[in-house]
Amino acid sequence: MTELLVSIRGLSKVFQSEKGPVFAVQDVYLDIPKGDIVGLVGESGSGKTTLGRTLLRLIEPTSGEIVFDGKNMNSLDPSSLRALRQRMQIIFQDPVASLNPRLRVKEIISEGLVAHGVGSRKERIEKVTALLEEVGLQSEDMHRFPHEFSGGQRQRIGIARALALDPEFIVADESVSALDVSIQAQILNLLLDIRDQRGLTMLFIAHDLSVVEYLCDMVAVMYLGRIVEIGPSQNVYSSPSHPYTRSLLSAIPEPKPGSHRERELLQGDIPSPLNPPTGCVFRTRCRYALDSCADTIPTLVELDQGHQAACLRLSEIS
Amino acid sequence: MEGQGLYAERKVFSLVLERRSSALALLFFVLVLILVFLAPIIAPTDPYLMSVRQRLTPPGDSFFLGSDAFGRDVLSRLLYAGRVSLMIGAGVALSSSILGVLIGLMAGFFRNLDGLISRIIDAMMAFPDILLAISLVAILGGSMINVIIALSIVYTPRIARIVRASTLVIRELPYVEAARSLGSSTVYVLTRHVLLNILSPIIVQATFIFVYAMLAEAGLSFLGVGVDPSTPTWGIMINEGRQYIDQAPYLILFPGLAISFSVLSLQLVGDGLRDALDPRIARQM
């Protein structure tokens, strides 16, 4: 059994809005083994970003626990929490808005070092130089401003900033979706290299399934704040079990022209998290839904080793 | 702190000078400052010296810029008046900017303070500027310092409102979120991430306030609640000259030009400064 770095237990986040409570994340259980890259996929509004933010305590969870390296984050005093947060960092989606346009690259990358009082000024500059080289930029780049770089280069700066404090866990929130496809591959390979060299653990949030398949050891599928299917990437991609996962996978374009396959198209939009459906959250768009789906919330059922899905009719439809 | 300043001051300065309009404007404004500062030395006569027989003399040999209704030398008065007017403008622009930035940052960044501060700002802005200034001076008493205090209070909400609005936008940006996850302090976030990115609108607004303050001071003086009315300011000179506009238009022409050109040059300098502070534009200048 591999060691777990992060364990999420029954995590929920409810935002209070003027229209009423928004159920962004509901009762999520997720274990992230050390050294793995776990993909978190789902359409917009499924709560995947909120889940990532809550993990880092950028958003306070409404209920549930997050255990990081054996420590329950709920029970920590502020100073230990601060120390723990040093070990987890985030890489953002938007390479423009995630870098302060008025600061030079060296100031951006060394921000965490300054905040935690790591090293002298000279040591910090050395660290910045090493980080820039690690992410494939040049040391002279530290004197430049963010607007002088391309999107891919900015994303590299964002990665260098996240790595500055030598974290063990990184949340990559849609970190390549704003980039050109050719640049995406470069950044993905960079993330893989960094993972291998540093032994990092990563939660990779994305809506692009082919990217996740390439990068991740494990994948979790979210729908309307709940995880509906989770498992090793190979299993989920080769034998998707939840109707939602199946529709998602059938939406991946086929690279071979002329090939035909059965597609499970979804109708309509994701329901509002202001007023999620009772029972199974997916039932309003599910072609297999029965009346009984409105009554019980399906729990994750083990299908295969580590492969779980939450659907009442799992045995009938697979 | 790592901040050896993202910009050496010298660099900003040279960038301002690279633009011809702001360089000329700065030159002009410095010239005005020097002239005004040296008023006791270069003024031809005592600005208070009356000469009733030579009242309303047009510009010429005896009075370079003419004389007013009491036969006082307009040039001398102009120089002395500039000291007070510019001092009030600068004092109000500076102190209302500092106050406005502090209040605006707090309102924009700390949600629980926002409601209270914003309501107070709204209430203050609901008063006509001059009315609020009059009542404040009436309470404080008429002196130059009190006029500066009163006008600063009047103009602080303008800065505060702009700062608050910009802060609300910036605090939601990913780089602020990154700063939190990196463990940066609130003070660091407010100064390096928020304030640094809203300098431009603050500078622009501050130059406006400089101008408004000079004009408002004129209004206050006219209404008798400003600086001691015997002290000449550009505003007082215009108000006094108004009565003789058909006989001696130069009485309002010269102080009017003094205000216009000081204001214009100041705004051009402000423009240059704003652009020089923005690394994205600075490169193209």
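Visitor: Which residues does A:Ala172 touch, not counting those up to four places away in sequence?
Guide: A:Ala172 touches A:Ile91, A:Leu191, A:Met202, A:Phe204 and A:Ile205. Keep in mind that this is a predicted model.

Visitor: Where is A:Ala172 found?
Guide: In strand β7 of chain A, which covers residues 169-173.

Visitor: And is A:Ala172 buried or exposed?
Guide: Buried, because 28 other C-beta atoms lie within 10 Å of A:Ala172. The cut-off for buried is 20 or more.

Visitor: How far apart are A:Ala172 and A:Ser79 in space?
Guide: They are 25 Å apart, C-alpha to C-alpha. In sequence, 93 residues separate A:Ala172 from A:Ser79.

Visitor: Now the whole chain. How many helices and strands are there in chain A?
Guide: Chain A has eleven helices and twelve strands.

Visitor: What is the radius of gyration of chain A, and what would a compact globule have?
Guide: Chain A has 21 Å. A compact globule with 318 residues would have a radius of gyration near 20 Å, so the two agree. The C-alpha trace of chain A spans about 65 × 55 × 45 Å along its principal axes.

Visitor: What percentage of chain A counts as buried?
Guide: 43% of the 318 residues. As for contacts in chain A with a separation of 6 or more, 66% are between residues 24 or more positions apart.

Visitor: Next, the sheet. In what order do the four strands of the open sheet come?
Guide: The order is β2-β1-β4-β5 in chain A, with antiparallel pairing. Its edge strands are β2 (20-33) and β5 (71-72) of chain A, each of which pairs on one side only.

Visitor: How many bridges join β1 to β2 in chain A?
Guide: Ten, and the two strands run antiparallel. Strand β1 is residues 4-17. A:Lys13 stands opposite A:Val25 in β2(A).

Visitor: What lies across β1, β2 and β4 of chain A?
Guide: Helix α1 of chain A, residues 48-55, which runs at about 65° to β2(A).

Methods
Residues numbered from 1 in each chain as written. Chains lettered and ligands numbered in written order. Predicted model: local features only at pLDDT ≥ 70, side-chain atom pairs only at ≥ 80, totals over all residues. Pairing = 2+ DSSP bridges. Contact = placed C-beta atoms within 7 Å. Axes fitted to C-alpha atoms, helices over the stretch in contact; angles between N-to-C directions. Rg over C-alpha atoms; globule rule 2.2 N^0.38 Å. Buried ≥ 20, exposed ≤ 12 C-beta atoms within 10 Å, placed from the backbone.
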